[in-house]
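Colleague: Let's go through the labels on this one. I'd like to hear the cut-off behind each call.

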Amino acid sequence: MARLLTDWIVDRWVNLELFNRKQEPQPNGCINWTGVQNNIGYGFVGFNYPEGETSPAGNRSGMMTAHRLAFMIEHNRMPNARNVNHTCHNKLCVNPAHLRQVLPKDNIFADGSECVYKKNKENEKKEKAKVKR
């Protein structure tokens, strides 16, 4: 019998009961992660590798974003090496209905506005043009 991703990742690597306890529904439909956050506001979940396995660096444990784990649980698969984007623009949201896969280049512009990355690139070009004059 084939193993499901949720059997492998969630049941053996992540404490699913703890993952579910660290969620708080919001009136706007978001489900906010109430656990650990990184310095830029994304939720993070710790996990342990199964007995006898390690990361490529030899670690027995690691971290992943809470919204990526929520996507994996909902879709029973990895996100195909793509980014998981919040359609609600809430970094703490783990509601699978608010998550979608995007390519890294599309994730930069996913909110539909002119993003900081694009502005910085335009400013760099302007500064280089000033220096050449």
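**Checking the labels**

Modeller: Let's begin with Glu17, which is exposed at a relative accessible area of 57%. This is a predicted model, where local features need pLDDT of at least 70, side-chain atom pairs count only at pLDDT 80 or more, and totals for chains, interfaces and linings use all residues. Residues are numbered from 1 along each chain as its sequence is written, and side-chain values use heavy atoms, with hydrogens and water left out.

Colleague: Why is Glu17 called exposed?

Modeller: Exposed means over 50% relative accessible area, buried under 20%, partly exposed in between (1.4 Å probe, protein chains only). Glu17 has 57%, so it counts as exposed. Arg21 has 54%, so that one is exposed as well.

Colleague: What makes Glu17 and Arg21 a salt bridge?

Modeller: The rule wants a side-chain nitrogen of Lys or Arg within 4 Å of a carboxyl oxygen of Asp or Glu. The closest N and O atoms of Glu17 and Arg21 are 3.2 Å apart, so the pair qualifies. By this rule the count comes to 1 salt bridge.

Colleague: Where do Glu17 and Arg21 lie?

Modeller: Both are in helix 2 (residues 16-21), 4 residues apart, about one turn of the helix. An α-helix has 3.6 residues a turn, so residues three or four places apart point the same way. Helices here are DSSP runs (H or I, at least four residues), strands likewise (E, at least two), numbered from the N terminus.

Colleague: Which residues of helix 3 are buried?

Modeller: In helix 3 (residues 66-75), they're Ala66, His67, Leu69, Ala70, Phe71 and Met72. Across the chain, buried residues make up 29% of the 133 residues.
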